[in-house]
Amino acid sequence: MTSKRVVIIGAAGRDFHNFLTTFRDDASVEVVAFTAAQIPGIDDRGFPASLAGPRYPRGIPIHPEEDLEDLIATQDIDECVFAYSDVSYDHLGHLMARCNAAGADFRVLGPKYTMVRAARPVVSVCAVRTGCGKSAASRAVVRTLRRAGLRVIAIRHPMPYGDLARQGVQRFATIDDLRKHECTIEEMEEYEPHIDAGGIIYAGIDYTAIVRDAEKEADVILWDGGNNDLPFYESDFEIVLVDPHRAGDELRYVPGETNLRRADAIIVSKSDTATPEGIAAVKRTVARVNPRAVLLDGTLPLVVEGGLERMAGKRVLCVEDGPTLTHGGMKYGAAVLAARKAGAKLVDPRPFAVGGIAETFRIYPEVGTLLPAMGYGAQQMADLQATISAVDCDLVVIGTPIDLSRVVALDKPSLRVRYELEITSRPGLAEILAPVVAAARG
């Protein structure tokens with residue numbers, strides 16, 4: 001039988017998961033290649049044979065997404081499978097047109113064949129866009145479940161930016177584990193807060209193997225989503241965040257709308273800083289699209305190291321979470337909000353940007369007067385450090401979730417700002433999670 005020849009269009013995450021759950025053992029399909037987008041430096045490697053299985057003894061090559069038409073033509077591709085997140089419907093439509101024009105079918109996989117069933121109850125935290133506050137919400141859910149006396153293990157959406165052959169299953173319980181696995185800044189931003197709170201978090205590539213390990217030490221699994229992607233696990237309770245600062249985006253980005261329509265509970269995040277009009281707009285959308293979901297109001301109050309007065313009157317460089325600003329499309333984060341509240345003057349880092357940071361500003365010119373904490377590899381981390389060093393400012397305000405000074409040498413005074421989620425309506429997290437607690441207790 002002739003195999004269907006497939007390219008998976010991805011960004012080092014959902015694409016690998018879809019391959020492992022749907023295609024690896026399907027003899028009717030040959031995955032010829034992956035393509036890579038969004039993340040720098042991931043399109044010059046291959047998916048290793050050790051993970052790809054016996055049908056792929058040489059592994060699977062990864063190409064830049066811009067090579068898509070050439071791949072379809074030269075490799076006689078039958079079907080292209082889209083497998084990454086937080087893109088607009090326009091972006092998705094243009095990709096479909098490119099594939100169809102080149103002669104290939106275009107497909108987006110749904111949950112039926114890609115969600116893995118866990119042996120423990122699963123609570124998922126996802127969003128309609130990158131930067132809605134998922135990380136703070138995940139931490140709040142973990143705290144709530146722990147207060148109920150449960151052992152909670154978090155599993156994070158994949159960010160395998162290093163040696164793929166060594167990243168099948170990763171477990172993080174200490175800061176030393178971050179060093180052992182040679183984590184990028186983007187990975188540390190998601191893992192470190194769980195570790196700081198005394199928790200354990202898993203990640204990697206093979207999410208069936210990951211959950212089988214996590215089940216051994218958990219009463220309940222917390223799926224900590226990435227971007228606005230769908231959960232990788234069948235969830236007993238799905239929590240989804242919407243962002244009133246970007247009202248309307250909940251119906252414009254893939255697969256955020258799918259999350260919105262699937263949600264059991266929807267948190268209107270950032271209610272303390274959004275306009276009443278934005279809040280009302282997202283609530284109208286929820287009422288129309290998913291009226292069965294429980295609706296919660298959530299705030300993300302700022303926690304400022306040493307207090308806002310440390311910034312008053314200062315010239316500050318605001319360093320924010322990178323992906324939130326780039327493909328997430330946000331124009332500010334915790335650092336900028338705190339600086340504005342303190343009356344500080346924001347210094348523009350763009351004239352001082354070097355290397356990979358300058359390239360980030362070129363690709364995402366809308367980022368503006370703040371610095372994305374991009375660190376997908378050693379060189380980009382070095383470029384971030386050099387850029388911070390070159391900026392003429394009084395204070396570096398760090399809005400990323402990690403202790404940036406631990407991985408980037410700072411030659412200027414700095415302080416950290418972070419968010420923590422507070423639910424300001426009723427029912428609260430404890431009430432909506434009560435059925436999960438009961439199930440976990442057996």
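Two strands count as paired if DSSP finds at least two bridges between them. Helices (H or I, at least four residues) and strands (E, at least two) are DSSP runs, numbered from the N terminus. The model described here is predicted: local features need pLDDT of at least 70, side-chain atom pairs count only at pLDDT 80 or more, and totals for chains, interfaces and linings use all residues. Residue numbers start from 1 along each chain as its sequence is written, and side-chain values use heavy atoms, with hydrogens and water left out.

**The sheet**

Six strands form an open sheet with mixed pairing, in the order S3-S4-S2-S1-S5-S7. Strands S3 (46-47) and S7 (105-108) are the edges, each pairing on one side only. S3 and strand S4 (residues 60-64) run antiparallel and are joined by two bridges. Gly-46 stands opposite Pro-61 in S4.

Axes are lines fitted to C-alpha atoms, for helices over the stretch in contact, and angles run from 0 to 180 degrees between N-to-C directions.

| Helix | Strands touched | Angle between directions |
|---|---|---|
| H1 (residues 14-23) | S1 (4-10), S2 (29-36), S3, S4, S5 (79-83), S7 | about 175° with S2 |
| H4 (residues 89-102) | S1, S5, S7 | about 145° with S7 |

**Helix H12**

Helix H12 (residues 334-342) is mostly covered, with seven of its nine residues buried (under 20% relative accessible area; exposed is over 50%, partly exposed in between; 1.4 Å probe, protein chains only). The buried residues are Ala-334, Ala-335, Val-336, Leu-337, Ala-338, Ala-339 and Ala-342. Their cover includes strands S17 (302-304), S18 (315-320), S19 (345-346), S21 (395-398) and S22 (414-419). Gly-343 follows H12 and has a positive phi, near 80°.

Definitions and conventions: Contact means heavy atoms within 4.5 Å.
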